[in-house]
Amino acid sequence: MNYPRISALKGVEAFRSHIASLKIDLNCDDEIITGPKGPLSWQYRFCGKNIGNRFCIHPMEGWDATRDGKASDFTRRRWSKFGESGAKLVWGGEAFAVTEKGKANPNQLIVSDENRSSIAELRQILLDSHLEKMGRVDDLFLGLQLTHSGRFCKPFRKDKMEPAILYHHPLLDSKFGIDESYPVLNDGEIQVIIDNYIYAAKIAWELGYDFVDIKHCHGYLGHEFLSAHRRSGRFGGSFENRTRFLREIVSGIRAEVPQLVIGVRLSAFDKLPFKPDPKGGDSKKLGKGIPEFFDKSSIYEYGFGLNKSDPLEIDLSETMLFLALLEKLDIRLVNISCGSPYYNPHIQRPALFPPSDGYQPPEDPLVGVARQINVVSALKSTFPNICFVGSGYSYLQEFLPYVGQRLISTEQVDFIGLGRMILSYPDLPRDVISNGEMKRKLICRTFSDCTTAPRNGIISGCFPLDKFYKNLEQAKELRDLKSGKSR
Ligand SMILES: Cc1cc2nc3c(=O)[nH]c(=O)nc-3n(C[C@H](O)[C@H](O)[C@H](O)COP(=O)(O)O)c2cc1C
């Protein structure tokens, strides 16, 4: 489990030989081309607009809104940093619940009439900070990610899940304490949630956002529909039924606000849930990740984008059908992610150091990075007219721009999405584009504190590297928690 640290690889050649030793397919350029000729600075023509470069800020929740779903000073600071970054595509800023009961934590933002001025303020903060650093905003494309947290709802108390499930999942139910008598959402309740999405999209449009994301990733409600094979009725079983939720939201939005661009963030593939190997850990260190038990003689009907006979293997056939459906619905903005941070974090956000509810990495995290890159590349070659944003690049650290530039210039992806890295190093896109260099001290080393903190009811942020968070009392709380002194 001693994977070589990326920071110890001195130069592109050392990185390449490490890649070769892992026998993975991951290429990079030798030098970063700066200025307008550099692929990362290329414009992207989309919906009549020239989006100004190829960096995208992924949605990154801070678990720091007020209880009624409005922005706090923490939220405002984060959005200001997103604007300053110079990235020209901002995917939602972060997940906004479409209804209070659908929040992933008591401090999630909510799209509602009461919160209009707060949502408008966040947009303005981002535009202002972007204008100040970049001199123009006409080439910035900014959306809102709309979500209902489904199985992972924790709307009112930090210590109490209040799941909204579509079907009983044998592994996730037992992992998260849902018993077999727990009710599944009925079709009428789903209809109300669909209406909430449509209303939220209307608000986003009226407040000037360029697009909304109908989130279908990470185990949340939209994603769970895609694996609802065992659900009966209008929203389960056939592919057509499992995509009805999306289709009804899209048709409602088109009827209300036809000019609003729609995007989808998708977990394009999944794997079995993982857990720490009980034999491998101790009180100080979690065990290595191993998959939950699955009887190989049976069929696993609880996933999307995986092989039902071998749920550790990817199968993109339904993912392709889903993308074909998106094209048919005239949705051409897709952000590809995978799995879920709640049950297989190593595939979704490859890291050397696990979050407190995770496990030691079962593979070199670069294998996870390459897996996401290669899936996006396969999807892009099949759907060249869809604009794809890729995810999971933060673990590349020093080599992120070298890999990113190669992926853009070879048209394997359209935008390099930045998640954890933007929390530690918000100026990265500007630095890379202007001088091709990164500030080593700010590079995210994937300590996972940004995930561990909210898993334990603390706000999220980059506690190891961002001085602002480092000096908060929450940083001490987190240190005590990690050393076993509290909670
Ligand atoms: C603290 C934190 C908050 C996140 N919040 C969201 C979110 O609100 N919506 C979402 O789709 N993904 C969210 N993600 C996932 C990221 O957008 C991204 O997919 C993931 O971190 C992998 O990309 P990276 O390697 O650049 O970090 C979050 C991740 C982290 C670490």
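**View 1. Ala201 sits buried in helix H5.** At 0% relative accessibility, Ala201 counts as buried, and its place is in helix H5. This is a predicted model, as are the views that follow. Setting aside neighbours within four places in sequence, Ala201 is in contact with Leu146, Val212, Ile253, Val257 and Leu260.

**View 2. Helix H5 packs against helix H8.** How far apart are the axes of H5 and H8, and at what angle do the helices pack? Helix H5 (residues 187-206) and helix H8 (residues 244-256) have axes 9 Å apart and an angle of about 40 degrees between them. That angle makes H5 oblique to H8. The crossing of H5 past H8 is right-handed. On the H5 side, the contact is made by Ile190, Gln191, Ile193, Ile194, Tyr197, Ile198, Ala201 and Lys202. On the H8 side, Phe245, Glu248, Ile249, Gly252, Ile253 and Glu256 take part. If you are following the spacing of such contacts, recall that an α-helix has 3.6 residues a turn, so residues three or four places apart point the same way.

**View 3. Helix H2 crosses helix H3.** Helix H2 (residues 73-84) packs with helix H3 (residues 116-134) at an angle of about 40 degrees, and their axes are 7 Å apart. H2 passes H3 in a right-handed crossing. From H2, the residues that make the contact are Thr75, Arg76, Trp79, Ser80, Phe82, Gly83 and Glu84. From H3, they are Glu121, Leu122, Ile125, Leu126, Ser129, His130 and Lys133.

View 4. Look for Asn53 in the loop between strand E2 (49-51) and strand E3 (55-57). Is Asn53 buried or exposed? At 3% relative accessibility, Asn53 counts as buried. A polar atom of the Asn53 side chain lies 3.1 Å from the backbone nitrogen of Lys88. Leaving aside neighbours within four places in sequence, the contacts of Asn53 are Leu40, Ser41, Trp42, Gly86, Ala87, Lys88, Phe415 and Ile433.

View 5. Lys88 is found in the loop between H2 and strand E4 (89-90), while Arg136 lies in the loop between H3 and strand E7 (141-147). Lys88 is buried, with a relative accessible area of 3%; Arg136, at 36%, counts as partly exposed. Not counting residues up to four places away in sequence, Arg136 touches Lys88, His130 and Leu131. With the sequence neighbours within four places left aside, Lys88 is in contact with Ile51, Gly52, Asn53, Phe55, His130, Met134, Arg136, Asp139, Leu140 and Phe141. Lys88 and Glu477, 389 residues apart in sequence, are 35 Å apart in space. Arg136 and Pro258, 122 residues apart along the chain, are separated by 27 Å.

**View 6. Helix H11 is mostly covered, with Asp364 as its N-terminal cap.** Helix H11 (residues 365-382) has 18 residues and spans 27 Å from its first C-alpha to its last, close to the 26 Å expected at 1.5 Å a residue. Of the 18 residues in H11, 13 are buried. At the N-terminal end, a side-chain oxygen of Asp364 lies 2.8 Å from the backbone nitrogen of Leu366.

**View 7. Helix H14 packs through its buried residues.** Which residues of H14 are buried? They are Leu428, Pro429, Asp431, Val432 and Ile433. The buried residues of H14 pack against E3, H12, strand E16 (415-418) and helix H13 (420-424). Just after H14, Gly436 takes a positive phi of about 70 degrees.

View 8. Gln397, in the loop between strand E15 (387-390) and helix H12 (400-409), has a phi near 50 degrees. At 3% relative accessibility, Gln397 counts as buried. Ser448 is in the loop between helix H14 (428-435) and helix H15 (449-455), with a positive phi of about 70 degrees. Ser448 also counts as buried, at 8% relative accessibility.

Definitions and conventions:
Residues are numbered from 1 along each chain as its sequence is written. This is a predicted model: local features need pLDDT of at least 70, side-chain atom pairs count only at pLDDT 80 or more; totals for chains, interfaces and linings use all residues. Side-chain values use heavy atoms; hydrogens and water are left out. Helices (H or I, at least four residues) and strands (E, at least two) are DSSP runs, numbered from the N terminus. The expected span of a helix is 1.5 Å times one less than its number of residues. Buried means under 20% relative accessible area, exposed over 50%, partly exposed in between (1.4 Å probe, protein chains only). A polar contact is a pair of N or O atoms within 3.5 Å; within protein, one must be able to donate a hydrogen and the other to accept it, and residues adjacent in sequence count only if both atoms are side-chain atoms. Axes are lines fitted to C-alpha atoms, for helices over the stretch in contact, and angles run from 0 to 180 degrees between N-to-C directions. Angles under 35 degrees count as roughly parallel, over 145 as roughly antiparallel, 65 to 115 as roughly perpendicular and the rest as oblique. A crossing is left-handed if the near helix is turned anticlockwise from the far one by less than a right angle, and right-handed if clockwise. Contact means heavy atoms within 4.5 Å.
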